[in-house]
Amino acid sequence: MRRICFAISIGLMTAVLAVGPSAARAQGAFELVSGKAFDSAVPKDFYLEGNAIPTQKRNAALLKTTTGARVLFALIDTTGYSSQIQQKYEGMIISESKITLCGMAIGVGSYGFGFTKPAATSAEEAKFFVYDQAGGKVVECALKKDAELKQPVPLQVVVAKGGPAKLYLGKNWLEVK
């Protein structure tokens, strides 16, 4: 009888340990990816509206979702492109799964993004825009400002434990779910 109880206990512990990591991952949020996986994921150029625009690897972030899909955010270098492209695009997004930006869903695919910054003395919020590959607007929302941020960088992603990720563009940010 003791052997049967022991065998059942071992079986239950094995099942809990096997399910544990996936259950913990499902409850978690995003995970930042670095190293070789990051290096191989960032493309040299990004295609938007008929232009192959160089990406800025130093201003890029790769996230892994709870399902294992990846989402890449990076700034692009529009220097030397038309003023229309320079005014519209700041960066790119490549997503292997459906994600939510500013409470609005975007599907699997690649997108360009841009944002407008109000004057330094203005109380207005910055606006964030996401465009499909052909330049059609997909998402528009206001960015929140983090006045407490001491050392802003052009692009960074902060992953809160058990919460959504935040895409920072300088001191402005939006939620990624």
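**Figure 1. The largest nonpolar core of the predicted model.** This core has 27 residues, and Phe73, Leu101, Phe128, Leu167 and Leu169 touch the most other members. A nonpolar core here is a set of buried Ala, Val, Leu, Ile, Met, Phe, Trp, Tyr and Cys residues joined through side-chain atoms within 4.5 Å; buried means under 20% relative accessible area, exposed over 50%, and partly exposed in between, with a 1.4 Å probe and protein chains only. At least two residues of this core come from each of β3 (51-64), β4 (70-76), β6 (99-101), β8, β9, β10 (137-142), β13 (165-169) and β14 (172-176). Strands (E, at least two residues) and helices (H or I, at least four) are DSSP runs, numbered from the N terminus. A second, separate core of 16 residues includes Val42, Leu48, Ile53 and Ile85. In soluble globular proteins, nonpolar side chains tend to be buried together.

The model is predicted: local features need pLDDT of at least 70, side-chain atom pairs count only at pLDDT 80 or more, and totals for chains, interfaces and linings use all residues. Residues are numbered from 1 along each chain as its sequence is written, and side-chain values use heavy atoms, with hydrogens and water left out.

**Figure 2. A closer look at Leu101.** Setting aside residues up to four places away in sequence, Leu101 touches Phe73, Ile93, Ile106, Phe128, Val130, Val139, Leu174, Glu175 and Val176. Contact means heavy atoms within 4.5 Å.

**Figure 3. Tyr89 meets Tyr131.** The two ring centres are 5.5 Å apart and the planes of Tyr89 and Tyr131 stand at 75 degrees, so the pair is edge-to-face. Rings of Phe, Tyr and Trp (its six-membered ring) pair if their centres lie within 6.5 Å; planes under 30 degrees apart count as stacked, over 60 as edge-to-face and the rest as tilted. Tyr89 sits in the loop between α3 (83-88) and β5, while Tyr131 belongs to strand β9, so the pair ties together parts that are 42 residues apart in sequence. Both Tyr89 and Tyr131 are buried. Look for Phe129 here too, as ring pairs link Tyr89, Phe129 and Tyr131 into a cluster. Lys88 lies over the face of Tyr131, 4.7 Å from the ring centre. For a charge to sit over a ring, NZ of Lys or CZ of Arg must be within 6 Å of the ring centre and within 35 degrees of the ring normal.

**Figure 4. Tyr168, Trp173 and a lysine.** Tyr168 and Trp173 form a tilted aromatic pair, 6.4 Å from centre to centre with 35 degrees between the planes. Tyr168 and Trp173 are both buried. Over the face of Trp173 lies Lys166, at 4.0 Å from the ring centre.

**Figure 5. Ser95 in its strand.** Ser95 is placed in strand β5 (residues 91-95) and, at 2% relative accessibility, counts as buried. A polar atom of the Ser95 side chain lies 2.4 Å from the backbone oxygen of Ser97. Beyond residues up to four places away in sequence, Ser95 touches Arg70, Val71, Gly107, Val108 and Gly109.

**Figure 6. Glu125 in a loop.** Glu125 lies in the loop between β8 (109-116) and β9 (127-131). With a relative accessible area of 48%, Glu125 is partly exposed. Leaving aside neighbours within four places in sequence, Glu125 is in contact with Pro118, Ala142 and Leu143.

Terms used: A polar contact is a pair of N or O atoms within 3.5 Å; within protein, one must be able to donate a hydrogen and the other to accept it, and residues adjacent in sequence count only if both atoms are side-chain atoms.
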